[in-house]
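Here is a short report on one protein chain.

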Amino acid sequence: MKTIALLLGATLALAARADEGMWTFNGFPAEAVREKHGFAPDARWLERARLASARLAQGCSASFVSATGLVMTNHHCAQKCIEQLSSGTRDLVRDGFLARSEADELRCPELEVNQLLEITDVTARLRQATRGLTGPAFGEAQRSETARIERECQTTPALRCDVVALHRGGRHDLYRYRRLQDVRLVFAPEFAIAFFGGDPDNFMFPRYDLDVAFLRVYEGGKPAATPTHFGFSAGSPREGDLVFVAGHPGITSRRKTVAQLAYERDTALPESLLRLAWLRGLLTEYRHRGPEQARHASAELFSVENSLKARKGRLEALLDPAFFGARVAEENRLRADLARGPEAVRSALPAFDAIARTAEVERRIRVRLVALEGEGEMLDRPARIRPEAFGGRLFRIARVLARGAEERTRAGGRRLREYRDSALPALTQWLFSPAPVHGELEVFHLTHSLERMRELLGPDDPLVRRVLGRESPAELAARLVRGTRLSEVAVRRALWEGGRAAVAAAAREDPMLALALDVDGDARAVRRRYEDEVEAVRRQAEEAL
C-alpha cells in the first residue's frame, strides 16, 4: 500500500504474541476488529482520531495535544527547523530550547503541518479519464486529471489537496487537509538527550532518550484553534491493552511484483546505499572542520544515517533466500489463480511482464536519472529532490526558479507535478524560506557532486564536458557559489514574480541560474523517458493487478 495519508495501526500487546493491522480512516474494518478484540471504534471515535492526528508535510507523524495548536512530534522531525533557527552564538541543536511564553516561540522557516479534514474516493473519475489509453497517453491523462481534481478541491491556500494512490493504483482517494504554514518551535531538548546513544543506538534503544519536540501552529498571527486533540494520560498502558496508533507512513511493498523487488535488490538499493555511505563519510569529515560546520551539517547527517539503516535492513530482507523465495512462490500462485479465472481476470496477467520491462528500462536509465534529476519516487518533492550531479541548496533553488518560470506558463495538467497549482504553496514556502544558506557547505556539496557527475557519466559525456569545461569541480563550485545571489530571499522572490524574462536576464549575470538553464534540457529528457516508459506503463499495469 502506497500512501501519503494518515492511517491507523493497531497492536494488541499480549505476553505471547502481537496482532497488527494498518488501515485508512475511511477503510477501518470495524466488524472484524470487534470479532477479534471485542472493540469497534464508531464513526465519531475515528473522526476524533483523524482530526487530532497531524502530519508534517516533510514526512513525519505528529499529534495535536492542546486546544491552542500545540503539536507533539519526534525531535528529528523538527531538527531541520532547530538547526535553521540556530546561530554561531545560539546553538539550539546543542543546548535545546524552551519558550517561556507564546511571545518567545520561534517560527520555523519551512515547516508545514496538515490536518486531514476529508477523504473522497476519486477512483472512478481517474479510471474514466484514462479509459482506453496506454503508455505515455495514459500517464499524461492521469496526471492531468489528478491536477484538475486537486485544483477544484483546493479553493484557498489554507487547504491542501492530494490525490493518493492506494494498493498500488487499485484505488485513488482525494485527501483534503487544513494547511498550517505558520509553525513555531516551543520546546526541544538538547540533541545529546534527544539522540542519546548516537547512531549505533538509534532505532534500537529509543526508550533511553527524550525523542520529542513541541511545536505550535498559528493562524492569523494567533495560536490556531484545535478543539479536537489528544490528551495526556496520567497512567500507563497495561499488558493486554488494545493500542491504536495514528500515523503518517511512507511506502510498503506488499503489492510489488518479484521483478520490482529484484530491481530493488540488485540495482536500486545497492547503488543508493553506496551513495549514502559516500555522503555520510563526506559529512562526517565536514563536521570535523569546526563547531559551526558541525552544526550546519548535523540535520543532514542524521537524515543520511537514518536512510542508511532503513535501506540496509530492506536489502538484507531481499537478500534472504527464504524471504525472497516466499515472494516468488506467492506470485506464482497468484499467476496460476489468474490463469484459471474468467477472461476479465486473465486479462491482468500481461501486467507482470509489463512491469518487468519497466524495471529493465529503469535499470538502463537509472544512473543518468539519479545524476540529473534524482530518485524517481521523489520527483514530486522539489525541496527533497537531490540530483546527484548538482549538490547543495543553491542549485535546487536555481532549478525551481528556472523551471517554475517555464512551467507556470502551461496549463496545470501539463506541468511537471511539483509545479501544479495545488503544490505551489508548499513550493513557494520552501523557495522563500529565510533559513540561512551556508556558503562553505554549498561549495563542499557542489564540489563533490560535480566530481561524482564526472565519475558516473564519464569524462567524455557531452554534458560533463560542457558543464566542467576547463575548470576542476572545486574551481567551478567556488565560482558558482561566489557568483550567485540566490541566497538572498528578495532576489528569489523577484525572479519568481518576474517569470521567464526575469530569469533569462538574471542568468546572464548569475552563473548558478545559467547552469540550471544549461542542463535543463538533458535533465528533462531523461525524466520524460522515465515518466513515459517506466512510470506510466507501471502505473497502468499495477492498476490492472
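P291 lies in helix α10, which spans residues 291-319. Helices here are DSSP runs of H or I with at least four residues, strands are DSSP runs of E with at least two, and both are numbered from the N terminus. P291 counts as exposed because its relative accessibility is 72%. The classes are buried (under 20% relative accessible area), exposed (over 50%) and partly exposed (in between), with a 1.4 Å probe and protein chains only. P291 and V491 are 200 residues apart along the chain, and 30 Å separates their C-alpha atoms.

## Basis of the model

The model is predicted: local features need pLDDT of at least 70, side-chain atom pairs count only at pLDDT 80 or more, and totals for chains, interfaces and linings use all residues. Residues are numbered from 1 along each chain as its sequence is written, and side-chain values use heavy atoms, with hydrogens and water left out.

## Disulfides

A disulfide is a covalent bond between the sulfur atoms of two cysteines. The criterion applied here is a pair of cysteine sulfur atoms within 2.5 Å. By this rule the chain has 3 disulfides. Counting bonded cysteines along the chain, the pattern is 1-2, 3-4, 5-6.

Take C60 and C77. Their sulfur atoms are 2.1 Å apart, and the two form a disulfide. The torsion about this S-S bond is about -85°, so the C60 and C77 disulfide is left-handed. The pair links distant parts of the chain: C60 sits in strand β4 (residues 60-64) and C77 in helix α3 (residues 75-84), 17 residues apart. C60 counts as buried because its relative accessibility is 15%. C77, at 9%, counts as buried too.

## The other two links

C81 and C108 form a disulfide with their sulfur atoms 2.1 Å apart. C81 lies in helix α3, while C108 lies in the loop between β7 (106-107) and β8 (113-121), so the pair ties together parts that are 27 residues apart in sequence. The torsion about the S-S bond of C81 and C108 is about -70°, so this disulfide is left-handed. Buried or exposed: which class does C81 fall in? C81 is buried, because its relative accessibility is 2%. C108 is buried as well, at 1%.

C153 is joined to C161 by a disulfide, S to S 2.0 Å. The angle about the S-S bond of C153 and C161 is -65°, and the link is left-handed. C153 has a relative accessible area of 13%, so C153 is buried. C161 has 0% relative accessibility and counts as buried.

## A residue of strand β4

S63 is placed in strand β4. S63 has a relative accessible area of 18%, so S63 counts as buried. What does S63 contact, leaving aside its neighbours within four places in sequence? The partners of S63 are A52, A54, L70, V71, M72 and F230. Contact means heavy atoms within 4.5 Å.

## Positive phi in a loop

H167 is not a glycine, yet H167 has a positive phi of about 55°. H167 is found in the loop between β9 (159-166) and β10 (171-180). The relative accessible area of H167 is 31%, so H167 is partly exposed.

R168 is not a glycine either, and R168 has a positive phi of about 55°. The loop between β9 and β10 holds R168. R168 is buried, because its relative accessible area is 13%.

## Helices α14 and α15

The axes of helix α14 (residues 393-407) and helix α15 (residues 424-431) come within 11 Å and cross at roughly 135°. Axes are lines fitted to C-alpha atoms, for helices over the stretch in contact, and angles run from 0 to 180 degrees between N-to-C directions. α14 and α15 are therefore oblique to each other. Angles under 35 degrees count as roughly parallel, over 145 as roughly antiparallel, 65 to 115 as roughly perpendicular, and the rest as oblique.

Which residues make the contact of α14 with α15? R393, R396, I397, V400 and L401 come from α14, and L427, W430 and L431 from α15. These residues of the contact divide into 6 nonpolar, no polar and 2 charged. Nonpolar covers Ala, Val, Leu, Ile, Met, Phe, Trp, Tyr, Cys and Pro; charged covers Asp, Glu, Lys and Arg; the others, Gly among them, are polar.
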